[in-house]
Amino acid sequence: MTIDQRPNIILFMTDDHAPAAVGAYGSVINKTPSVDRLAAEGAVFENTFCTNAICSPARATLLTGTYSHVNGMTSLEGPDHTFDASQPSFPKMLQESGYQTAIVGKWHLGHGEGHDPEGFDHWAILPEHGVYHDPDFVTAHGRKTYPGYVTDIITDLALNWLDQRDPDKPFCLLIQHKAPHRPFEPAERHRHLYEHEEIPAPPTLHDDLGSRAPAAHEAKMSMEDLTDEDLKGVPVPPGLSPRDEREWRYQHYIKDYLRVIAALDENVGRVLHYLDVTGLEASTAVAYTSDHGFFLGEHGWFDKRFMYEEGMRIPLVLRWPGVTQAGSRHDELVANIDYAPTLLDMAGLAPHSRMQGRSLLPLLKGEDGQEWRDAVYYRYYMHLDVCHNVQACYGIRTRTHKLIHYPGHGSGADGAKDAPRPPAWELFDLTQDPHELHNRYDDPLYADMVKDLTAQLAELQRHFGDTPEGMLPAPTAS
């Protein structure tokens with residue numbers, strides 16, 4: 001592959017955009033015509049998962065192709081909150097190979113020397129999470145406030161950079177949106193969207209959490225935990241039953257979330273239109289993803305963190321003209337550690353030896369005889385985080401089952417070391433119980449499955465160089 005043949009690359013990374021709110025993934029609550037256009041003209045990966053469902057760690061994994069314990073970004077709090085930007089990353093490797101590189105939008109990996117973006121010819125990033133209205137952006141030349149709505153401004157800055165790039169060199173542009181992160185502040189043009197509609201609620205909105213581990217019962221991320229800020233100061237109507245109040249809260253929550261996504265999808269459309277009118281569409285690969293999943297009322301929750309499907313499942317749509325088959329869908333188990341190797345492979349580069357994922361290019365090309373992973377390893381570290389009180393956990397997700405362990409301790413949360421919990425386990429049969437309502441860990445009928453998955457989990461930890469910290473029981477001898 002010559003330099004002239006290498007594709008331009010645009011990667012959209014959103015924050016908290018669950019597949020359940022993407023039309024191409026079967027959304028029944030909203031429409032996303034621009035992302036759906038990418039899906040219709042490219043490929044959809046139906047089983048894509050993050051490896052740590054929290055913002056900063058997921059972004060470090062995107063850049064490095066490594067798990068949190070390797071790249072050092074395990075948390076949002078404490079000493080693991082800032083990213084060592086000197087470590088190998090796919091933007092650095094692309095830049096060294098002749099690509100022009102840029103990142104615009106959310107960085108959330110720390111600021112200052114050693115933490116600001118490296119490997120980018122241009123960067124304009126939000127400080128921390130940023131704000132939705134009149135946001136500041138930090139660059140190598142200082143800080144500037146832009147009037148307007150953050151999703152529109154990120155796109156403006158991205159398109160301005162595309163206008164000023166060297167047209168004789170390939171480019172890689174990361175457009176990393178704040179949206180639809182809480183507190184879900186819509187653009188003025190969408191403030192009344194869905195106002196007179198009833199958004200369908202998920203079937204598990206009133207889940208009582210039944211046989212789940214204690215971690216699920218003590219988490220603070222239910223509809224009742226939404227704040228006045230989340231509800232935009234609208235008071236809960238008096239006299240509602242607990243069930244009716246949960247449904248009322250869900251409607252207010254989900255409508256603002258979807259309003260924010262409406263602007264997000266419009267701005268994806270702006271970029272696709274730019275590629276069309278500038279003649280770049282045929283030479284540019286475009287991918288759309290999210291840093292992690294999000295609960296859209298499932299189990300009565302918002303937020304992420306848990307290893308349940310809604311927290312760890314993410315969208316991945318990729319269009320590469322001449323390579324991806326229009327409208328194709330892939331059901332292999334994909335993880336966000338695969339992103340960096342894939343983007344490098346697209347540019348004809350081998351992954352860094354430190355990277356732990358695999359290129360998706362053979363799958364995209366439909367190459368026969370590809371052996372693929374049969375399980376995904378996941379680990380969340382922020383034990384009893386100060387916002388949502390979620391316990392640390394790790395586990396394995398296969399095509400048919402999921403085993404989750406809560407070791408009772410973790411890192412990166414104030415006071416967590418003083419609040420250990422008894423270890424606990426969950427097993428879900430995803431074929432019989434796709435909504436993960438029934439914990440089968442102690443069910444005698446699943447004893448062999450528990451044994452097998454426990455052994456597989458231990459093997460995955462060894463493979464990725466992680467340790468169970470002595471909390472994982474040794475597999476029982478056959």
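Two strands are taken to pair if DSSP finds at least two bridges between them. Helices (H or I, at least four residues) and strands (E, at least two) are DSSP runs, numbered from the N terminus. The structure is a predicted model, in which local features need pLDDT of at least 70 and side-chain atom pairs count only at pLDDT 80 or more, whereas totals for chains, interfaces and linings use all residues. Residues are numbered from 1 along each chain as its sequence is written, and side-chain values use heavy atoms, with hydrogens and water left out.

Strands of a sheet pair through backbone hydrogen bonds, either parallel or antiparallel. Strand E3 (residues 100–106) has parallel partners: six bridges join E3 to strand E7 (residues 171–176), and five join E3 to E4. Val104 stands opposite Ile175 in E7, while Gly105 stands opposite Ile125 in E4. Strand E3 is mostly covered, seven of its seven residues being buried (under 20% relative accessible area, with a 1.4 Å probe and protein chains only).

An antiparallel arrangement is found in an open sheet of four strands, ordered E12-E13-E14-E15. Strand E12 (375–380) and strand E15 (424–429) are the edge strands, each pairing on one side only. From one strand to the next, the twist averages 10°. Helix H11 (residues 447–464) packs on this sheet and touches E12, strand E13 (393–398), E14 and E15, contact meaning heavy atoms within 4.5 Å. The direction of H11 makes about 110° with that of E13; axes are lines fitted to C-alpha atoms, for helices over the stretch in contact, and angles run from 0 to 180 degrees between N-to-C directions. Strand E14 (residues 401–406) pairs with E15 over six bridges, and the bridge partner of Lys402 in E15 is Phe428.

Pockets were located on a 1 Å grid over the protein atoms alone, a pocket being an open set of points where a 1.4 Å probe fits, with protein on both sides within 12 Å along at least five of seven lines; lining residues have an atom within 4 Å of a point. The largest pocket has a volume of about 650 Å³, the space filled by probe spheres set on the points. Its lining comprises 25 residues, of which Ala20, Glu298, Glu310, Arg313 and His435 lie nearest the centre. The second largest pocket holds about 300 Å³ of space and is lined by 17 residues, with His122, Trp123, Ala124, Thr139 and His141 nearest its centre. Helix H5 gives the largest share of this lining, four residues.

Methods
Buried means under 20% relative accessible area, exposed over 50%, partly exposed in between (1.4 Å probe, protein chains only).
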